[in-house]
Amino acid sequence: MILQQIQKIEKENNWHVPMDDDLLEEVNSLVEYPTAFYGDFDEKYLALPDEVLITSMKEHQRYFEVQDKNGSLLPHFISVRNGNEAFIDQVKKGNQKVLTARLDDAIFFFEEDQKMSMEDSLAKLKNVSFHAKIGSLAQKMEQVTQLSELLATKVGMDTEALHHLDRAAHIYKFDLVSNMVSEFPELQGVIGEKYALLQGESKEVATAIREHYLPLSSEGVLPQTVIGAVLAAADKLDSIISFFIQEMIPTGSNDPYALRRQMIGLIQIIESYNWTFSFKGLLNELLQSVYSIKEPAHLEQLTNQIFEFSKGRIQQKLNKYKIAYDVQEAVLQASEDDVNVILSNALTLQQHHSDVDFKAVMESLARVVNISNKVQVPFEVDSTLLETTSEKNLHVQINHLKAIWGNATSHDKYAALKDMVPYITAYFDENMVMVEDQAIKENRLNTLASLNEKIINLADVRKILTK
């Protein structure tokens, strides 16, 4: 009924009413007998940013905004009354009066905010706490600036983009002290973009200010610019690291600072932009250079804690791609720590999961892992101690594997390991590893351990369920 009534108003007035499914559901739950009607507001309020008008109507009044056929906002709204059309004009006047009061407030806040310079806003952030144990928003921005610079080098950002990123990182939270964000918290970032443009900032900087909050949910819209993506990733990573340093780590369903949402957002961005880097390496570097964590044991502990935390969010992605649980476990327990490579490894193993020879390949590789997984690096193989033909052949194949591994795709790696199976089979058929001669035994274990290093980089094949 609501939809039909709104469509009727649309047709009669030659308007367009964008349908917000969440708002429609909410309105539907608020009324028993709906009667849709339209109201008006003064055109002067169209001077406000569209987002402010729409938020005032939707969030506060449960109104639908009205556009012309070109998508421009018109000075009208559509509301839904609970009841019939009796005294509808009075209802309409009442709704117009309430909206006008809200829009008067918005115009006042908007005009007052224009009196505050960027420098004034940034100075205020020094007195706004991000968290009592972590510091102010100004301090957070300083950390994010350093972090974004380092991240930008990892993803190969060009000089011009770096310039815009640096400016954005220095100012991106300035709108949080504005009157408008105090009144409409849901517009943080959006107002930042508008105000930045009004104060002469470049379009690239302004867009990054809005995009740094994205994505807003696990399947939300992602930043569309690389500057916004790096700033968003840096902001999320800073929050995660800062809370982990203070040992405020999510447990069970308890996550008061939404760190899981921050991490899944980070994973989404890394995947979307196909950034490739060692995640643990990045964490280790950041913890030392930005957060001054120098003590080796503490550094290792934090790096491992945050990386393990990221695995839970990577697993969300794997679930979305319908990766079998045993394959998920195998790639998440592997030594690989590049997010996109982990995802690619999982997709490759899933693709081959139904192959006729998959079981034989996994069992052969698992045999290598089981016997050599505890051998300590370095795996020094003495070629003069290789006695049998199968031993020598396996050693040659392992060296070939090492040579191609660095530039190989996940599919290449799987294919190369599959090609090793005949050599592994011949090796175990012809050689006893645990011989009495200590030098021969250690050399054979080192040979297998150097192969295990590559296997375990792709996946912990012992986790794969074969029938």
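A salt bridge is taken here as a side-chain nitrogen of Lys or Arg within 4 Å of a carboxyl oxygen of Asp or Glu. The model is predicted. By this rule it contains 22 salt bridges. One of them joins Asp 235 to Lys 140, with the closest N and O atoms 3.5 Å apart. Asp 235 belongs to helix H11 and Lys 140 to helix H6 (residues 137-154), so the pair ties together parts that are 95 residues apart in sequence. Both Asp 235 and Lys 140 are buried. The two also belong to a network of salt bridges that links Lys 140, Lys 173, Asp 235 and Asp 238.

A further pair is formed by Lys 317 and Glu 271, whose closest N and O atoms are 2.7 Å apart. Lys 317 lies in helix H14 and Glu 271 in helix H12, so this bridge ties together parts that are 46 residues apart in sequence. Lys 317 is buried, as is Glu 271. Helix H14 also holds both Glu 308 and Lys 311, three residues apart, about one turn of the helix. Their side chains form a salt bridge at 2.9 Å, N to O. Glu 308 is partly exposed, at 45% relative accessible area. Lys 311, at 10%, counts as buried.

Asp 113 presents another case. This residue is found in helix H4 (residues 88-114). Asp 113 is buried yet has no salt bridge. The nearest side chain of opposite charge, Lys 124, is 7.6 Å away. Instead, the side chain of Asp 113 reaches the backbone nitrogen of Met 180 at 3.1 Å. Beyond residues up to four places away in sequence, Asp 113 touches Ser 178, Asn 179, Met 180 and Tyr 195.

The largest nonpolar core has 125 residues. Met 180, Leu 237, Phe 279, Leu 286, Leu 349, Met 362 and Leu 451 touch the most other members. Helix H11 (residues 226-245) gives the most to this core, with twelve residues. Leu 451 is in contact with Val 368, Leu 394, Ile 398, Leu 401, Leu 417, Met 420 and Ile 424, leaving aside residues up to four places away in sequence. Another core, of 15 residues, lies apart from the largest one. Its members include Leu 24, Val 27, Phe 64 and Leu 74. In soluble globular proteins, nonpolar side chains tend to be buried together.

Val 91 is found in helix H4. At 22% relative accessibility, Val 91 counts as partly exposed. Val 91 and Ile 306 are 215 residues apart in sequence and 55 Å apart in space, C-alpha to C-alpha.

Backbone geometry was examined next. Most residues other than glycine have a negative phi, and most peptide bonds are trans. The bond from Leu 214 to Pro 215 is cis, with omega near -5 degrees. Pro 215 sits in the loop between helix H10 (203-211) and H11. Val 377 and Pro 378 are likewise joined by a cis peptide bond, with omega about 0 degrees. Pro 378 is placed in the loop between helix H17 (358-372) and helix H18 (389-405).

Glu 247 has a positive phi, near 60 degrees. This residue lies in the loop between H11 and helix H12 (259-272). Glu 247 is exposed, with a relative accessible area of 69%. Phi of Ser 292 is also positive, near 55 degrees. Ser 292 is in the loop between helix H13 (279-289) and helix H14 (296-320). Ser 292 counts as exposed, at 53% relative accessibility.

Terms used: Residues numbered from 1 in each chain as written. Predicted model: local features only at pLDDT ≥ 70, side-chain atom pairs only at ≥ 80, totals over all residues. Heavy atoms only, no water. Helix = DSSP H or I, 4+ residues; strand = E, 2+ residues; numbered from the N terminus. Buried < 20%, exposed > 50% of the residue type's maximum accessible area, 1.4 Å probe, protein only. Lys, Arg positive; Asp, Glu negative; His and termini not counted. Polar contact = N/O pair within 3.5 Å; in protein donor to acceptor, adjacent residues only side chain to side chain. Contact = heavy atoms within 4.5 Å. Core = buried A, V, L, I, M, F, W, Y, C linked by side-chain atoms within 4.5 Å.
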